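Dear colleague,

Please find below the structure that I am handing over to you, together with its sequence.

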Amino acid sequence: MKFYDLFVQSDLSGGESSLQQLVDFAKKLGYSGIAVCDNYQGLEKLEELKNRISELKTDLEVYPSVNIIPTSVNEMKEIVNKVREKVNLVVVSGSDYSVNRAACDDSRIDILMHPELGRPDSGLDEPSLEAATQNNVAIGISFREILFNFRKPRAYILNHISKNLILCDHFRTPFVVCSCAQNVWGMRSPREFVSLVNVLGLDIGKAFAATTSTPQSIVEENKKTLEGNKVTEGVEIE
Amino acid sequence: MVEEKKPKPLPPSLRGRRRYVAFQVFSEGKFITQDLINSIWHSLLNLLGELGASQADIWIAKDIYDEAKQIGIIRCSHDNVEQVRTALALIERIGDIRVVVKVLGISGTIKATKMKFFGETRLTEFT
């Protein structure tokens, strides 16, 4: 079984650990691959990230990705236009409902991360989830938000995440669990993420998919598209 | 010295079904066993509450914890294994030291846990 963590941040985004440290620790924890998802700071920084990934000494799969923290829907679309063909994964940090909804409507986006962040509700509704299912946009659960909140705020966060998980299950929307770690101490073994999803209300089989088959299918599909082997949905060149 | 009388052990059919969770701690510094135990209880109580922690039937094997390798065993009831795993994942630091607690695996007895996850071998294998 291959496990993936699709959101880890390196020192290029203000994280503490270097890429090599993150990769070595991910290997110790049992991951087959990680996506280094630094915040979008321009195309030059993106090239720097890709160069640093190519210099790594590891047999772990490491995917360069970008995290977009948009202040508006137009800004989000502008950045997605620039980066989509340059990275394996495009992640949008959710929170504002209009951004959440626009991300679910855009098939170029891979993951909508923490749509519930800072909100009094779960951040998603029926039209958003139906759109996400249709456009294959996965809903991301950020372990960092749970880890660094306590008592009442943590109870609210777990409540919103639990609601989103049950809705994702109902609407068959893909979802993934990511550490969103900014250093090695924020990473966790993938089996612990499976336990978290199980504890929040889904059965173990579906919980496993959040760290194995769902992230694996996202990275493999995008790899085919970037290599030019996939023309469009359902059409591939062998 | 008079030995304290203990209750008679229950028959297997009336005993609770238990699981032994083997774990390893990765840390940026050294810490003492008692601090680790306090952190584990703190995380369990925060996540499960007093009632949930009581139903999980937790026992942290202080005598088995290896300070050098930072590996240990927690006993819990079979229904609460996933909750215990989640609580261990939510331990962020022990005192001021940042840690990552990784569950190595689950077993039904302490002996099997030590053999499978701590690399201990049966003495009979050498005969």
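A salt bridge joins the side chains of A:Arg52 and A:Asp11, with 2.8 Å from N to O. This pair links distant parts of the chain, for the two residues are 41 residues apart. A:Arg52 lies in helix α2 of chain A, whereas A:Asp11 sits in the loop between β1 (4-8) and α1 (19-29) of chain A. In general, side chains of opposite charge can pair when their charged atoms come close. Over all chains, a search of the whole structure finds 18 salt bridges. Please bear in mind throughout that this is a predicted model.

Let me turn to chain B. Chain B contains three helices and five strands. Starting from the N terminus, these elements follow the order β-α-β-β-α-β-β-α. The C-alpha trace of chain B spans about 45 × 45 × 40 Å along its principal axes.

The next topic is the interface of the two chains. Here, 19 residues of chain B are in contact with 24 residues of chain A. About 1900 Å² of area is buried between chain B and chain A, and carbon and sulfur atoms give 61% of this area. Which three residues supply more than any other three of the area that chain B buries against chain A? They are B:Glu82, B:Leu90 and B:Arg98, which supply 28% of that area.

Between chain B and chain A the count is three salt bridges, and nine residue pairs are in polar contact, both residues being at pLDDT 80 or more. On the side of chain B that touches chain A, at least two residues each come from β1 (18-27), α1 (33-55), α2 (81-89) and β5 (97-107) of chain B. With six residues, β5(B) gives the most to this side. The residues of this side divide into nine nonpolar, four polar and six charged.

Finally, I come to the cavities. There are two cavities of 30 Å³ or more. The largest cavity holds about 70 Å³ of space. Among the residues that line it are A:Leu12, A:Asp38, A:Tyr40, A:Lys45 and A:Val66. The elements β2 (33-39), α2 (43-54) and β3 (61-68) of chain A each give two or more residues to this lining. Which element gives the most to the lining of the largest cavity? It is α2(A), with three residues. Five nonpolar, four polar and two charged residues make up this lining.

The second largest cavity holds about 50 Å³ of space. Its lining includes A:Pro115, A:Glu116, A:Ile139, A:Asn164, A:Cys168 and A:Phe175. Two or more residues of this lining come from each of β6 (138-142) and α7 (151-171) of chain A. With four residues, α7(A) gives the most to the lining of the second largest cavity. That lining divides into seven nonpolar residues, two polar and one charged.

Yours sincerely

Key
Residues numbered from 1 in each chain as written. Chains lettered and ligands numbered in written order. Heavy atoms only, no water. Contact = heavy atoms within 4.5 Å. Buried area = accessible area lost by both parts, 1.4 Å probe. Salt bridge = Lys/Arg side-chain N within 4 Å of Asp/Glu carboxyl O. Polar contact = N/O pair within 3.5 Å; in protein donor to acceptor, adjacent residues only side chain to side chain. Nonpolar A, V, L, I, M, F, W, Y, C, P; charged D, E, K, R; others polar. 1 Å grid on protein atoms, 1.4 Å probe; cavity = no way out; pocket = protein on both sides within 12 Å on 5 of 7 lines; lining within 4 Å. Points joined across faces, edges and corners; volume = space filled by probe spheres on them.
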